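Q: I have just opened this entry and would like a guided walk through it. Could we take it piece by piece?

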Amino acid sequence: MESKGAHVSESSTATGGQQAPELDTNVPQTARIWNYWLGGKDNFAVDRAVGDQIREAFPEIVEMARASRAFLARGVRYLAGEAGIRQFLDIGTGLPTANNTHQVAQSVAPESRIVYVDNDPIVLVHARALLTSSPQGVTAYVDADLRDPDTILQQAARTLDFAQPIAIMLMGILGHIADDDEAQSIVKRLLGAVPSGSYLTMNDGSDTSEEVVEAARIWNQSAKPPYHLRSPERIGRFFDGLELVEPGVVSPPRWRPEPGPSGLPAEIDSFCGVGRKP
Ligand SMILES: C[S@@+](CC[C@H](N)C(=O)[O-])C[C@H]1O[C@@H](n2cnc3c(N)ncnc32)[C@H](O)[C@@H]1O
């Protein structure tokens, strides 16, 4: 599915856009619970029930979701601005909300090309809201699993030029891959496919408070897919071999905050960073 300006075509979905995706409204799902915490309406009673249960154990979860999205916007603004990036591969997109990657990137550089990837059928259902590219740029959506980076790269190559730098975005998704070696090998495969001057931007939940550990326990009892918190050091290891952009791997509110009050806490239980492939 690709959009150049007003044009929308079914050219680059891994599903071929043929079959109606299967929506399971009985099992709480990560994209919909995240949408609920962000104040969205694309969620079901089961998602809200688990979302509320987690919020009871860990009230900061709502601010955590908002601070994570705020980092996404600042990170993309940095990449499209100072770093001069014009291509984005956003894997684990989530449901459309405010400040989606293409809106932020194209507000800086309208010619930016963005490929969104997610494996949740409900994100596919709502994907058209992500295909609202500026006339100068392109947005596309690929229905694929992070565990299958080869398919992602193959599908993304219909829209992105892999001879030019690309920002790979893994925001709130690597925690869904339990095994560090598997997660590392996926990141290496993706980074291996992009040229020097490309970037990795990531953000993931950290095991930095008892409350967040309890929240993850509740999540893993009821919601899909399971989420595994990592220590800040383990999160930092995803940037091995990259040049870390200042201030390094930090809690999202500390990553290049904009002047003035954000209304968000100074720290949340997650760690993020932006690294450049040398
Ligand atoms: C917590 S949400 C984050 C959404 C968005 N990136 C953000 O930062 O606001 C995680 C997203 O990753 C997607 N996801 C989880 N595991 C995935 C996988 N193995 N392959 C592709 N997408 C996945 C979920 O469907 C969900 O939309």
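Predicted model: local features only at pLDDT ≥ 70, side-chain atom pairs only at ≥ 80, totals over all residues.

Q: What do the helix and strand labels stand for?
A: They are DSSP runs numbered from the N terminus: helices are H or I runs of at least four residues, and strands are E runs of at least two.

Q: How many residues of α1 are buried?
A: Six of its eight residues are buried, so α1 is largely enclosed by the rest of the structure. Buried means under 20% relative accessible area, exposed means over 50%, and partly exposed lies in between, with a 1.4 Å probe and protein chains only.

Q: Which ones are they?
A: The buried residues of α1 are A31, R32, I33, N35, Y36 and W37. They pack against α2, α3 (61–80), α5 (121–125) and α8 (210–222).

Q: How do α1 and α2 cross?
A: The axes of α1 (residues 30–37) and α2 (residues 45–57) come within 9 Å and cross at roughly 65°. Here axes are lines fitted to C-alpha atoms, for helices over the stretch in contact, and angles run from 0 to 180 degrees between N-to-C directions. The crossing of α1 and α2 is right-handed, that is, the near helix is turned clockwise from the far one by less than a right angle.

Q: Which residues meet there?
A: From α1, R32, I33, Y36 and W37 take part; from α2, they meet V46, D47, R48, V50, G51, D52, I54 and R55. Contact means heavy atoms within 4.5 Å. By class, this contact of α1 with α2 has six nonpolar, one polar and five charged residues. Ala, Val, Leu, Ile, Met, Phe, Trp, Tyr, Cys and Pro count as nonpolar, Asp, Glu, Lys and Arg as charged, and the others, Gly among them, as polar.

Q: Turning to strands, how much of β4 is buried?
A: Five of the six residues of β4 (residues 113–118) are buried, so this strand is largely enclosed by the rest of the structure.

Q: Which way does β3 run relative to β4, parallel or antiparallel?
A: β3 (residues 87–91) and β4 run parallel and are joined by five bridges; two strands pair if DSSP finds at least two bridges between them. Within this pairing, L89 has V115 of β4 as its bridge partner. The chain passes from β3 through helix α4 (residues 101–108) to β4 in a right-handed β-α-β crossover. Right-handed means that, with the strands pointing away from the viewer, the path from the first strand over the helix to the second runs clockwise.

Q: And how many bridges join β4 to β5?
A: Six bridges join β4 to β5 (residues 138–143), and these strands run parallel. R113 stands opposite V138 in β5.

Q: Where is T93, and is it buried or exposed?
A: T93 sits in the loop between β3 and α4. T93 is buried, because its relative accessible area is 8%. Apart from neighbours within four places in sequence, T93 contacts R69, Y116, V117, D118 and L130. From T93 to D118 there are 25 residues in sequence, with a C-alpha to C-alpha distance of 5.7 Å.

Q: Which peptide bonds are cis?
A: One joins K224 and P225, with omega about -15°; P225 is in the loop between α8 and α9 (232–236). Another runs from E246 to P247, with omega near 10°, and P247 is in the loop between β8 (243–244) and β9 (270–276).

Q: Lastly, what does Q184 contact?
A: Q184, in helix α7 (residues 180–192), is in contact with R237 and F238, leaving aside neighbours within four places in sequence. Q184 counts as buried because its relative accessibility is 17%.

Conventions
Residues numbered from 1 in each chain as written. Heavy atoms only, no water.
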